[in-house]
Amino acid sequence: METELDYELHPELNTALSEDEKELLSQIPELTELGEGRRKFLGQVFASGLGVFALQLLAQEEILASMKASEDAVFALEALEENLVAVKLKINGLEKTLNLDSRVSLLDALRERLALTGTKKGCDQGQCGACTVIVNGRRVLSCLTLTATCEGKEITTVEGLARGEELHPMQAAFIKHDGFQCGYCTPGQLCSAVALLQEAKNGEASHATVSFQTNARNLKLSDEEIRERMSGNICRCGAYPGIVAAIQEVHKGKETAQTWRFVSNEEIAALNLEEKTDEIV
Amino acid sequence: MKSFKYVRPAEVLNAIQTVSSNPTAKFLAGGTNLIDLMKEYVERPSELVDITRLNLTQIKSANGGVSIGALAKNTETANHPLVRQNYPLLTQAILAGASAQLRNMATNGGNLMQRTRCQYFYDIAMPCNKREPGTGCSALEGINRIHAIFGYSDKCVATYPGDMANALYALDAMVRIKGINGQERLIPVKEFHRLPGETPEKDNNLQHGELITSIELPKSNFAEKSYYLKIRDRASYAFALVAVAVGLETSGSNIKQSRIVLGGVAHKPWRSIEAENVLNGKPVTEETFRLASEIAMKESKPLRHNAYKVELGKRAIVLALQRAISNRAA
């Protein structure tokens, strides 16, 4: 059942296993004991780039689950997980039920239990914003949110922003305006930026809002306002100018010129010529 | 994180009784500070009582002022029309704190309950009287750049890190508390937090099991002229090195009534009545402001690394007063 649930959250996964993946999976004897459906799922997870570590975690969980019948196994499970809490929540439009230790943060539940690894763990202590997700329409930090508190809530992660193949306008704008370099903070930046648009529509003030005593809706945000409102999302690469430009474009709803472009073949050729000239000199 | 039992009672009294009956239980509201401290093993509750769904979220007019629910989120509170119009100082102070994400999570009651950001308090490898009474204070002779310049003891030099409480103090707010059996009491914000003295492990005067249910704001005459100025290491998303909440009521060109409350300088929001007395009855001039700022910082006793807070505090007070008079929001 769990396999099927996880599948729903990952429609992008290809169901076919490559020969290499089959070979790899057959080298893990414990897994060959398990059902074909689970193997397929693990293979797909593996293929999708989750990596060996997650595979091990999933395998461990599977083994424990298969041992559940014996008393020893129950004991082993309890030793690993304490104070189990059942939580039903809606993630990217799909209802999920999780049984987890009361300590599990929403961030860890998303990444380790639901394989939604788009949401990133940066500082894990509420200081960087990489783990930002949208809960009931509000951006929050998933690292400081206990999953147990999310009963009945609607969660949108970066995986839930696009509509199928069609990117969310904010995602498209981030690409257009070069709003990232390494990309690690980007899922958090995107969720934060999407929620920010709604906050501006609601007329919510920030520390940079000049006339905050009035309750005007549909605020027009200056660049300074966007910087202040995005201050909870740190970008170590310093892609801030691109991030502000991207948000500003979506916020204004008017296309703005891209301030960068790829170098043309002619320019590369010219560059090579210049370099050669340098060598001669 | 230490393992804990998670419960979510439906009624206020039930929640209070649950915490009261377990000395190591804690209320969980926004969790922005508590969960962080639990990850660091600074807080190790055996039971968390989730109160976020209790019916304590209203913000409404009451007794000529405004009552704000303890479990209303910081974002809702700062943006509520009643708060924006009547207590802009509170809106500014809340919006000066943390980030949009954290303000969406943090509650008003939890904001009052947040613990110090002293790095030695957070580091369980270091002695700290607040964390482990009797072990000593690492900050006293350590790196104490962000620490107190007023009201500290040799047991603790930590500061209260919040912004909201500084504004609440300047606005003469009261904290409404419910105890076991449902009896209520009101504590003025000025008496809610404590100085460290011999018992720095106690941040405030709340008893175990007591729950903040609302914060009561009396009618204020500072709505026209107030300002919250926060000075920090970066432009946003950082704790205050020095913060100043000022409120002024003027009559003609003279100051009728004033409030000056400093943040980031003591174990609690630090009001300077002496400085207010310099302002009251005097004309609105930069000279008056400067004199008040000198008086406000006169009794400060900086530690090895935070003498800068004295001059910074003076300048911040003058600037905050100037902005309050010109009603400039930024």
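**Group meeting: a predicted two-chain model**

Let me begin with chain A, where residues 24 or more positions apart account for 58% of the contacts with a separation of 6 or more, a contact being a pair of residues whose C-beta atoms, placed from the backbone, lie within 7 Å. What we are looking at is a predicted model, in which local features need pLDDT of at least 70 and side-chain atom pairs count only at pLDDT 80 or more, while totals for chains, interfaces and linings use all residues. Residues are numbered from 1 along each chain as its sequence is written, and chains are lettered from A and ligands numbered from 1 in the order in which they are written.

Chain A has 12 helices and 5 strands, which are DSSP runs numbered from the N terminus, with helices (H or I) of at least four residues and strands (E) of at least two. Of its 281 residues, 37% count as buried; a residue is buried if 20 or more other C-beta atoms lie within 10 Å of its own, exposed if 12 or fewer, and partly exposed in between. In helix H7 of chain A, residues 106–113, the buried positions are A:Leu106, A:Leu107, A:Ala109, A:Leu110 and A:Arg111, and the buried residues of this helix pack against strand S2 (94–101) of chain A. After H7(A) comes A:Ala115, with a positive phi near 55°.

Now to the core. The largest nonpolar core has 160 residues, where such a core is a set of buried Ala, Val, Leu, Ile, Met, Phe, Trp, Tyr and Cys residues joined through C-beta atoms within 7 Å. Helix H9 of chain A (residues 186–202) gives the most to this core, with 7 residues, whereas the residues with the most contacts inside the core are B:Leu89, B:Ala167, B:Leu168, B:Leu171, B:Val244 and B:Ala245. If we take B:Ala167 and leave aside its neighbours within four places in sequence, its contacts are B:Leu89, B:Leu90, B:Ala93, B:Tyr228 and B:Ala245.

How many residues does each chain bring to the contact between chain B and chain A? Chain B brings 32 residues and chain A brings 33. On the side of chain B, the elements that give two or more residues are strand S1 (5–7) and helices H2 (34–39), H3 (74–79), H4 (81–86), H5 (88–96) and H6 (100–105), and H6(B) gives the most, with 5 residues. That side divides into 15 nonpolar, 12 polar and 5 charged residues, counting Ala, Val, Leu, Ile, Met, Phe, Trp, Tyr, Cys and Pro as nonpolar, Asp, Glu, Lys and Arg as charged, and the others, Gly among them, as polar.

In the loop between H5 and H6 of chain B sits B:Ala98, which has a positive phi of about 55° although it is not a glycine. B:Ala98 counts as buried because it has 27 C-beta neighbours inside 10 Å, and, not counting residues up to four places away in sequence, it touches B:Arg103, B:Ala106 and B:Tyr237. B:Asp172 also has a positive phi, near 55°, and lies in the loop between helix H9 (164–170) and strand S6 (174–178) of chain B; with 18 C-beta neighbours inside 10 Å, however, B:Asp172 counts as partly exposed.

A further loop residue is B:Ala148, found between helix H8 (119–122) and H9 of chain B, and it counts as buried because it has 30 C-beta neighbours inside 10 Å. B:Ala148 and B:Val265 are 117 residues apart in sequence but 4.6 Å apart in space, C-alpha to C-alpha. Beyond four places in sequence, the contacts of B:Ala148 include B:Val157, B:Thr159, B:Val265 and B:His267.

I will finish with a helix pair in chain B. Helix H12 (residues 286–297) and helix H13 (residues 308–326) pack at an angle of about 140°, with their axes 9 Å apart; here the axes are lines fitted to C-alpha atoms over the stretch in contact, and angles run from 0 to 180 degrees between N-to-C directions. Among the residues making this contact are B:Phe289, B:Ala292 and B:Met297 of H12(B), and B:Val310, B:Ile317 and B:Leu321 of H13(B). By class, the contact of H12(B) with H13(B) has 8 nonpolar, 3 polar and 3 charged residues.

How values were computed:
Two residues are in contact if their C-beta atoms, placed from the backbone, lie within 7 Å.
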